[in-house]
Amino acid sequence: MHKTVTKLADGRELIYYDTEPTVRDAVDARPLEPAASTSEIRVDPFTGDAVTIAAHRQGRTYHPPADECPLCPSRDGRLSEVPAADYQVAVFENRFPSLAGSSADHVTPWTDGPYALTPGTGRCEVVCFTSDHGASFVDLTERRARLVLDAWTDRTADLHARADVRQVYCFENRGADIGVTLGHPHGQIYAFPFTTPRTAQALARAAEHLRATGRNLYDDVLAAERATAGREDSRVVLAGEHWTAFVPFAARWPYEVHLYPNRRVADLTALDEAARAEFPRIYLDLLRRFDRLFPEPAPYIAAWHQTPRPAETELALHLELFTVRRTAGKLKYLAGTESGMGAFMNDIRPETAARTLREL
Ligand SMILES: [Zn+2]
């Protein structure tokens, strides 16, 4: 992997990742002023969950036509977020970030009785998976998918090293049904200055399991799933030499798959070469299965779970992939029970979903 760090006209960082050494010296010629972030992080006094208030984002780009795509390379006199005429993988700081270091210049932290507010520091990045506007992650070659994995890994290492970052979250939303506002194949990275609610809950469960049994929760779950591989009611979808993909026991979504490296690691930076080498084949296979679930390719969310820093307990690195579609043309809405109470109702048995995904 070859990395070139450059700057956009307003001072934001733009990083190119290439499979071969490539000269990346195109200059951003747009007249851009640096954008100021006024994000706030407010702690919900009832749950302890951090909520980010980013009121400055209302003017952001929303479903632009393809010939105005800000993620396409800059070609034929049209200037985009990527000044180069072509690229392989490009990562840049979001122009309209929910979290940004500059929040510290505009928001003063305070506490008052039950309330606490801090600036929404951290960082939001956009990861362009390819320069091909009409492609999707699933269309990448294994070599290019590996380049994206290497970019995620490099970003995780770089962002974790920053004083205002606690948790690095790499993810992809695919499809307009998920609320994707740009059609170009891309993902995002949120570098949170706090531990996200779901991760905090998972860390507490893992610590509790360790206290009660002396064993690691993730090791126990992965061993339990792998032991059922080959059985009719198994939840395993794909069992590789270095990765295992399975539908979780208490899946919240109709089609939800969790992908774990067989050797537990805290985050992407700790994956060994054997696991890195096998990842593209397994992940692309999973994405193709999601594309075959319905007549139309399934909208999905792919979410990397990584251990925050510092953390007393280790979260096992894994990727959670799920679609919000439950059947052709029908979306699962987070309605009364899910949105109101956080209690999920799933219409499909996880064992049935796993069998469907295995047979596709
Ligand atoms: Zn594009």
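**Figure 1. Tetrahedral arrangement around the zinc ion.** The four donor atoms around the zinc ion subtend angles of 103 to 117°, and the arrangement is therefore tetrahedral (four donors count as tetrahedral if all angles lie between 85 and 135 degrees). This is a predicted model, in which local features need pLDDT of at least 70 and side-chain atom pairs count only at pLDDT 80 or more, while totals for chains, interfaces and linings use all residues. Residues are numbered from 1 along each chain as its sequence is written, and side-chain values use heavy atoms, with hydrogens and water left out. The protein donors are Cys-69 (SG), Cys-72 (SG), His-133 (ND1) and His-184 (ND1), at 2.0 to 2.3 Å from the zinc ion; donors are N, O and S atoms within 2.8 Å of the metal (3.2 Å for Na, K and Ca), and water is not among the atoms, so sites may look incomplete.

**Figure 2. Cys-69 and His-184, two donors of the zinc ion.** Along the chain, the donors follow the spacing C-x2-C-x60-H-x50-H. Cys-69 and His-184 link distant parts of the chain, 115 residues apart: Cys-69 belongs to the loop between strand S4 (50-53) and strand S5 (89-93), and His-184 to the loop between strand S9 (167-174) and strand S10 (186-192). Strands (E, at least two residues) and helices (H or I, at least four) are DSSP runs, numbered from the N terminus. Both Cys-69 and His-184 are buried, where buried means under 20% relative accessible area, exposed over 50%, and partly exposed in between (1.4 Å probe, protein chains only).

**Figure 3. The hairpin of strands S11 and S12.** Strand S11 (residues 236-239) and strand S12 (residues 243-246) run antiparallel and are joined by three bridges; two strands pair if DSSP finds at least two bridges between them. Three residues lie between S11 and S12 in the hairpin. Ala-239 stands opposite Thr-244 in S12.

**Figure 4. The surroundings of Val-138.** Val-138 is found in the loop between strand S8 (123-128) and helix H2 (142-160). With a relative accessible area of 13%, Val-138 is buried. Leaving aside neighbours within four places in sequence, Val-138 is in contact with Leu-284, Leu-287, Arg-288 and Asp-291, contact meaning heavy atoms within 4.5 Å. Val-138 and Arg-326 are 188 residues apart in sequence, and their C-alpha atoms are 20 Å apart in space.

Technical notes. Four donors count as tetrahedral if all angles lie between 85 and 135 degrees; four count as square planar and six as octahedral if opposite donors are over 155 degrees apart and all others between 65 and 115; anything else is irregular.
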